[in-house]
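Please examine the sequence and the model shown here before reading on. The paragraphs below then lead through selected features.

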Amino acid sequence: MNHWIIAPVLIPALAGMLLLLEVRERHRLRRLTGLLSCAAMLAVAVFLGDQAWGGEITVYALGNWQAPFGIVLVLDKLSALMVLLTAVLAFPALLYASCGDDRKGANFHALFQFQLMGVNGAFLTGDLFNLFVFFEVLLIASYGLALHGRGPERVKAGLHYVVLNLVGSALFLVALGLVYGTTGTLNMADFAVKAQALTGTDATLLKVAVLMLWVVFGLKAAMFPLYFWLPAAYASATAGVAALFAIMTKVGFYAMVRVYALAFADGPFAGLGQQALWWLALVTLGLACIGVLGAKRLGTLVSYLVVMSVGTLVAALAFGQLQALGPALYYLLHSTLICGGLFLLTDLIARGRGEVADCLQIGPAILNGGRLSLLFFVAAIAVVGLPPLSGFVGKVALLRSVPDPTYWVLLLIAGLCGLVALSRAGSTLFWRTTGEGSGLRPARRHLLSVVGLLLLSPLMAVYAEPLLQLTAAVAEQLRNPDLYLSAVLGGGA
Amino acid sequence: MELLVAIIIGVLVASGVYLCLRARTFPVVMGLTLLSYGVNVFLFAMGGLKINQVAVVGMSPDPTDPLPQALVLTAIVIGFAMTAFLVVLALRSQGELHNDHVDGKPDDGGRS
């Protein structure tokens with residue numbers, strides 16, 4: 001058996017435990033451990049991506065219990081891609097946080113690793129209850145991280161975040177109970193097979209369970225009407241943490257895609273809740289436009305950009321029934337990385353402006369603001385979707401594969417709103433200034449991690465064709481759930 | 001017995017939801033606890049209700065399903081940890097915001 005599949009879960013778990021043992025005062029050692037773990041994860045993710053690229057779906061039976069009975073980890077193209085994305089995002093985020101932010105509270109590095117463990121586990125698992133457990137792992141680590149660094153704003157936003165997610169977990173458990181009660185299994189593949197055979201009351205109950213799952217995943221993905229926690233929580237979190245959180249909404253989206261592709265692409269439950277998902281996603285997109293325009297702080301603005309990307313993605317999923325998934329995944333990669341970079345950049349700007357921080361009002365000029373304004377310009381172009389950067393490629397590909405007038409209009413309006421909001425923010429931050437700034441100069445490591453993340457956008461634009469082919473191949477594999485089913489269930493038989 | 005369990009779950013969840021919608025942190029914590037109790041009982045019932053049967057195959061003619069018990073155990077542990085965390089968070093919010101309103105608003109004389 002190939003043991004590498006469990007490495008993305010084990011590496012951060014071991015590093016996290018090691019970090020708990022290490023002496024708190026030795027910051028350099030802790031940073032080194034954390035960064036080494038992230039680098040190792042990146043290497044393993046590349047290796048796994050290479051392995052999954054061959055088209056084979058690898059199944060790892062934990063404890064060597066065969067599929068429907070034991071818990072399995074499954075590596076297909078989608079999970080490999082998501083694990084790789086996590087690793088690519090985590091390294092700069094941690095590098096940025098390792099420049100002082102990590103000292104503001106205890107156990108930052110351990111929590112960061114446990115969060116990565118939860119995210120990777122959620123991407124790899126092939127079992128619904130295990131998905132719940134990994135969700136809880138990533139959530140409890142994220143509660144700690146969201147509150148890292150103290151301050152009343154954080155506590156207030158954190159309380160809402162925790163309470164909402166606890167209610168979400170309760171709903172998740174109810175849905176899982178119904179799934180087990182009706183199908184008698186929690187393995188995703190086995191569930192997909194057994195769900196097709198249900199009739200009568202059991203089928204109705206399963207419908208309830210699945211709609212509840214949509215609600216839970218919608219909460220994690222921050223869809224209307226469950227996104228109100230996100231802007232406050234993300235905008236008040238420490239920069240490195242906010243950048244990592246850019247992947248968290250995508251975990252919800254991933255879970256939707258996975259369950260949808262396996263069990264609900266066709267058969268008796270085809271298209272269940274799809275109409276609602278479509279309209280809710282469009283409303284999310286529309287409200288995110290208002291949020292972006294009305295934001296009083298740059299952090300809030302970027303948070304609404306995250307919400308906007310979620311609306312864009314879920315609408316593509318709900319409309320295209322997996323047809324539009326290839327471009328959607330490209331857009332997912334782009335938006336996660338750029339929003340992560342923007343969160344880091346926001347913090348750099350806030351530091352440079354001293355007391356005014358990232359509030360969009362007249363304030364002191366940033367010392368040597370030229371570099372930051374250039375970075376902001378690049379990031380804004382990328383995230384709004386203007387040529388020549390990756391956002392443009394992603395949006396064009398999405399528009400071509402979702403030929404629906406409502407979607408076109410909303411997506412283009414969203415782009416316009418983003419453009420207006422970001423240009424207004426940029427001119428306020430960099431041009432409408434009073435006197436010399438007194439803020440801090442950005443450290444080299446800070447700049448390095450921001451530039452690293454933002455550079456990925458032109459790279460993604462240059463390699464757009466191979467990347468789009470790659471994501472299309474991922475979508476193609478998802479369109480054939482039989483491959484997944486036979487890999488998981490056929491392996492043991 | 002099914003009716004009894006269903007009523008218990010209903011009462012627990014209803015009171016939990018009601019308390020969750022309160023404006024003070026303490027009732028919210030209580031509400032989440034009750035909600036998770038209700039969910040745990042629900043999860044337990046999903047394996048089918050049987051009286052006086054062991055959860056081991058071969059020990060009795062009609063063994064009860066052991067999996068929901070394992071699931072409930074996991075859910076209880078996680079729920080317990082989350083509640084503990086929430087209590088600490090509520091205390092810190094009380095300390096930093098100087099009131100126990102969930103939105104951190106100044107006290108309005110206990111009307112909410």
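Predicted model: local features only at pLDDT ≥ 70, side-chain atom pairs only at ≥ 80, totals over all residues.

Residues are numbered from 1 along each chain as its sequence is written, chains are lettered from A and ligands numbered from 1 in the order in which they are written, and side-chain values use heavy atoms, with hydrogens and water left out.

Helices (H or I, at least four residues) and strands (E, at least two) are DSSP runs, numbered from the N terminus. In chain A, strand S1 (residues 58-61) and S2(A) pair in the antiparallel sense over 4 bridges; pairing requires that DSSP find at least two bridges between two strands. Within this pair, Val59(A) stands opposite Val74(A) of S2(A). In a regular strand the side chains alternate between the two faces of the sheet. Strand S2 (residues 72-75) of chain A is covered on both faces: Val72(A) and Val74(A) on one side, and Leu73(A) and Leu75(A) on the other, are all buried. Here buried means under 20% relative accessible area, exposed over 50%, and partly exposed in between (1.4 Å probe, protein chains only).

Gln477(A) belongs to helix H19 (residues 464-479) of chain A. Its relative accessibility is 8%, so Gln477(A) counts as buried. The side chain of Gln477(A) reaches the backbone nitrogen of Lys77(A) at 2.9 Å. Apart from neighbours within four places in sequence, Gln477(A) is in contact (heavy atoms within 4.5 Å) with residues including Gly55(A), Ile57(A), Asp76(A) and Leu483(A).

Two helix pairs in chain A can be set side by side. Axes are lines fitted to C-alpha atoms, for helices over the stretch in contact, and angles run from 0 to 180 degrees between N-to-C directions. Helix H3 (residues 77-97) and helix H14 (residues 325-352) of chain A pack at an angle of about 10 degrees, with their axes 11 Å apart. H3(A) is therefore roughly parallel to H14(A); angles under 35 degrees count as roughly parallel, over 145 as roughly antiparallel, 65 to 115 as roughly perpendicular and the rest as oblique. Among the residues that meet here are Leu81(A), Leu85(A) and Tyr96(A) in H3(A), and Leu333(A), Gly340(A) and Arg351(A) in H14(A).

For helix H13 (residues 298-320) and helix H17 (residues 405-430) of chain A, the angle is about 165 degrees and the axes are 11 Å apart. H13(A) and H17(A) are therefore roughly antiparallel to each other. Residues that meet include Leu305(A) and Met308(A) in H13(A), and Leu411(A) and Ala414(A) in H17(A). Val420(A) is also found in H17 of chain A, and Val420(A) is partly exposed, with a relative accessible area of 39%.

The peptide bond from Phe224(A) to Pro225(A) is cis, with omega near 0 degrees, and Pro225(A) lies in the loop between helix H8 (200-221) and helix H9 (229-236) of chain A. The loop between H8 and H9 of chain A also holds Ala222(A), which has a positive phi of about 65 degrees although it is not a glycine. At 0% relative accessibility, Ala222(A) counts as buried. In chain B, Asn52(B) has a positive phi of about 65 degrees, and Asn52(B) is exposed, with a relative accessible area of 76%.

How values were computed:
Polar contact = N/O pair within 3.5 Å; in protein donor to acceptor, adjacent residues only side chain to side chain.
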